[in-house]
Amino acid sequence: MRLHHVRNAFYPVAGIAIILVAWQFYTQFFAINRIVLPSPADIFWASAANWNVLLRESWPTFVESVLGFALAVAIGIPFAVCVANSRVLNLTLYPILIATQSIPKVAVAPIILVWFGLGMQSKLVIAFLVAFFPIVVDTAAGMRATPAGLLELARSLRASPLQIFLKVQFPAALPFIFAGAKVAVTLAVIGAVIGEFIGSMNGLGNLLLTANSQLDSPLAWAALVWLSALGVLLFGAVVLAERIVMPWSETGHH
Amino acid sequence: MQSQIIEQGRSSAAPVPFGHFEGVHQHFRRPGQAPLVAIENITFDVKAGHLVTLLGPSGCGKTTFLKIVAGLIPASGGTIQINGRAVVEPQPDFGVVFQQANLMPWRTIQANVLFPMEILGRTDAAAELRARELLALVGLEGFEKSYPAQLSGGMQQRVALCRALIHKPKLLLMDEPFGALDELTRMEMQDLLLDIRAKTGATVMFVTHSISESVYISDIVCVFSKRPAVIADFIAVDLPYPRSAEIRYLPEFTELEHRAGRALGITR
């Protein structure tokens, strides 16, 4: 933990603290009904009192998001590689991808539920659908952004297409792939929650809806906080993976 | 350590010159316009072990010519022979140094130097030893495990030079490799190149637009005219080796610079 790490952590923490204090002051000073807007303290106590429920409901949402995201990575990256390297596939599939992307996922969710049922699978599929697009778009962009000089170097050594892909094109695309993955992983959580909103038996989205319908706003807000924490956690996991896979990208900044 | 590196550029007793270029011509098609003639007609020979610079104004086609020799661009016409073989595609026994260092940011310095050996399927302990030797030769020992982003531009270009030499190329092709460096680093790199050339005996073709650089490092200065390129002058540089910065102030040196300048149409 170097000094600049501490300093970098200070700003977001201070920003959140200021918002929380202002929020607490606002709800107390104006005596806002906690059903309309619970205070941070209300949310904290609701969270503390229901931590076991929140933890239990976090698990399905976590699994749906992670598996949906993993599926998007597993299918999206090879898909993007094919699309980026084949003119025919690019011309055939890219317009279809763009067209399907412009369909709102919320509109498709009920259909997905009909196909995959009320369980985890339908949420996983929706999480996959929303995470798929950024991964494909960024990976394909990365595949096309290989520095021309590196390709010329590889060509001067008569590298095979497979060698060029494995040793030049793919590693050069990694920063793009991770940029897409960071967007995708937070979208995957949103996808899972959309699925839970449309129809589910558990999960944080389900808990949020239930608490809301019972006018238990502090618990609904607590579920929201946990959802956000889940998103941050998964985002952090992708950042960590990025640092492990691309150790060079960090060393360059010093 | 030197004996490991000295193995290149064996001078053949055969009557065929090491490099033979005859009537090399290059034009590029342009939609809706007349084709752009980059190279009109280039004919010259290169002796084994010689360092030949291609000197010319920007955009005169000297880089294009070097890429043709490298086999990266097919010539529109003419003969390109190295070691008696026609060059129609890239040759694994050539080493190329580009204007940019073109290092892979995800590879350590040592792994960057070893890249050609990986492509040629010749990675072994000997290759790793040679990589370390070459890095030591260019003054980069201790940087094997560093990443390119941690190195300055001059250091990166040294790594690129090591990478071009790792597979003991018969011909080293250099495309304005020191063009992006500051004056002092550039002079250091010129001395380094002469030193490496003396130790490896490699034949070198070197593109530059600096008159003093070309006179300082060359055996032969091949002056290209403006586009479409023809050879404006072919200057033998009879300055003794080892060369050091002092020779830049010799009257012979200045005279050669003058001659190159006249060929370029800069001086009279």
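Q: Helices (H or I, at least four residues) and strands (E, at least two) are DSSP runs, numbered from the N terminus. Through how many residues does the hairpin join β9(B) to β10(B)?

A: The hairpin that leads from β9(B) to β10(B) has 4 residues. Before going further, note that this is a predicted model, in which local features need pLDDT of at least 70, side-chain atom pairs count only at pLDDT 80 or more, and totals for chains, interfaces and linings use all residues. Residues are numbered from 1 along each chain as its sequence is written, chains are lettered from A and ligands numbered from 1 in the order in which they are written, and side-chain values use heavy atoms, leaving out hydrogens and water.

Q: OK, do β9(B) and β10(B) run parallel or antiparallel?

A: Strand β9 (residues 220-224) of chain B runs antiparallel to β10(B), and 5 bridges join them; two strands are said to pair if DSSP finds at least two bridges between them.

Q: What does β9(B) pair with besides that, in the parallel sense?

A: Strand β3 (residues 51-55) of chain B pairs with β9(B) in the parallel sense over 4 bridges. There, T53(B) stands opposite V221(B), and the bridge partner of V52(B) is I220(B).

Q: And which strand runs parallel to β10(B)?

A: That is strand β2 (residues 36-46) of chain B, joined to β10 (residues 229-236) of chain B by 2 bridges, with N41(B) and V230(B) as bridge partners.

Q: Is β9(B) buried or exposed?

A: Buried here means under 20% relative accessible area, exposed means over 50%, and partly exposed lies in between (1.4 Å probe, protein chains only). In β9(B), 5 of the 5 residues are buried, so the strand is largely enclosed by the rest of the structure. I220(B), C222(B) and F224(B) point one way from β9(B), whereas V221(B) and V223(B) point the other way.

Q: Switching topic: how many disulfides are there?

A: Over all chains there are 0 disulfides, a disulfide being a pair of cysteine sulfur atoms within 2.5 Å. As for individual cysteines, C82(A) is partly exposed, with a relative accessible area of 42%, while C162(B) is buried, at 1%.

Q: Now chain A: at what angle do α8(A) and α10(A) pack?

A: Helix α8 (residues 161-198) and helix α10 (residues 217-245) of chain A pack at about 160°, with their axes 10 Å apart. That makes α8(A) roughly antiparallel to α10(A). Axes are lines fitted to C-alpha atoms, for helices over the stretch in contact, and angles run from 0 to 180 degrees between N-to-C directions. Angles under 35 degrees count as roughly parallel, over 145 as roughly antiparallel, 65 to 115 as roughly perpendicular and the rest as oblique.

Q: What about α8(A) with α9(A)?

A: The axes of α8(A) and helix α9 (residues 204-213) of chain A come within 7 Å and cross at roughly 45°. That makes α8(A) oblique to α9(A).

Q: Which domains does chain A have?

A: Its domain assignment gives domain 1 (1-31) and domain 2 (44-251), with bounds that come from an automatic or database domain assignment. The centres of domain 1 and domain 2 of chain A, taken over C-alpha atoms, are separated by 29 Å.
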